[in-house]
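Q: I am new to protein structures and would like a close look at one part of this one. Please take me through it step by step.

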Amino acid sequence: MRAHRAVIGAALAAIALIIITYAATLPDQRFRPLVGGIQYESYMVVLGSRYFIDRCTLGFPVAKASSPSTPFGYVSAKHCVGDWPWVDIYQPRGTDDQNHIGWPEARSNNPDAFVIRVKDTSWVSNQIVSLPSGYRFKIAGYLSNDVINGSDRNEVYQKTGRSTLTTAGYNLGLKKVMVNWDIKVVGVLDYNGVEPKKDDCKNTWVIAGQGDSGGPVFKTVGDMAYVAGIAFAGDGCCWNIRIWDGSTIRACDTLYYETYDNIARALGVVGWR
């Protein structure tokens, strides 16, 4: 356990060192080009009027499987847009035309994921931001389920989300869980490096919270990122914490993430880099 905490501490110390080098960056800033890990808002469109749905996090860039070299958009968590037939996506917030980035193109309940069709594909980048440092990792590849559940078990992974920013934990591999009455196989990321127990608040460090849904989960090698999937749910969620924007959220010490393989298969996309 002590060795585990030393490794996580080293990862967080590296993030802190980057903060010293780069100006503070927050996820509600306007990013063009777009990068994984930043805030967006979704609005349903009804008779020409727009109504707020959710505030979530942009995931990783994708291309259609039929055109893998041509960037198309991003993936995020499907529950951020629901099943509303007409939805607009804005980054970072509000409904000003200058902040409009696209629309849902394809959606899946299991995995909990959807594709944002970005209206200007020059905005799609192969980068993930570390927050609040602003450092950008270049995406070098995407991790398969076999790697996540095999050679990468107990590896340190990171997650960037609009609420708890960039955090690190141990990848515990794949696990079968029930979320909203769906039984699914998902990745598990935990700060403590042990199997989670429901609502036990065993740690003093949160790894994810409300608003982080859709954010990229990845490991880093130097300045390169390898994407494992996107955040969508948590466990051990019994803290209410105040975050950088002054709001109070429910936070978790264990993160569940939808894996890249499952997302790509369900939505007919491939990770773009």
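In which strand is the place of Y51?

A: Y51 sits in strand 2, which covers residues 49-57. A strand here is a DSSP run of E with at least two residues, numbered from the N terminus. The model is predicted, so local features need pLDDT of at least 70 and side-chain atom pairs count only at pLDDT 80 or more, while totals for chains, interfaces and linings use all residues. Residues are numbered from 1 along each chain as its sequence is written, and side-chain values use heavy atoms, leaving out hydrogens and water.

Let's start with Y51. Its relative accessible area is 43%, so Y51 is partly exposed (buried is under 20%, exposed over 50%, partly exposed in between, with a 1.4 Å probe and protein chains only). Together with V46 and L47, Y51 forms a nonpolar patch on the surface, with about 350 Å² of accessible area in total. Patch residues have over 30% relative accessible area and no salt bridge, and nonpolar side chains are joined within 5 Å, like charges within 9 Å; a salt bridge is a Lys or Arg side-chain nitrogen within 4 Å of an Asp or Glu carboxyl oxygen. The areas come from the Shrake-Rupley method with a 1.4 Å probe.

Now follow strand 2 to C56. C56 is buried, at 2% relative accessibility. A disulfide joins C56 to C80, with 2.1 Å from S to S (the cut-off is two cysteine sulfurs within 2.5 Å). This link is left-handed, with -95° about the S-S bond. C80 lies in the loop between strand 4 (71-76) and strand 5, 24 residues from C56, so the pair links distant parts of the chain. C80 is buried too, with a relative accessible area of 0%.

How many disulfides are there by this rule? The count comes to two, and the other link runs from C237 to C252, with 2.0 Å from S to S. Its torsion is about 105°, so this disulfide is right-handed. C237 is in the loop between strand 15 (224-235) and strand 16, and C252 is in strand 17, so parts 15 residues apart in sequence are tied together. C237 counts as buried at 10%, and C252 counts as buried at 7%.

C252 also brings us to a sheet: C252 in strand 17 is the bridge partner of A208. Strand 13 and strand 17 (residues 248-252) pair in the antiparallel sense over two bridges (pairing needs at least two DSSP bridges). The open sheet has three strands, in the order 13-17-16. Strand 13 (208-209) and strand 16 (239-242) each have a single partner, so one side of each lacks a neighbour in the sheet.

Note on methods:
Helix = DSSP H or I, 4+ residues; strand = E, 2+ residues; numbered from the N terminus.
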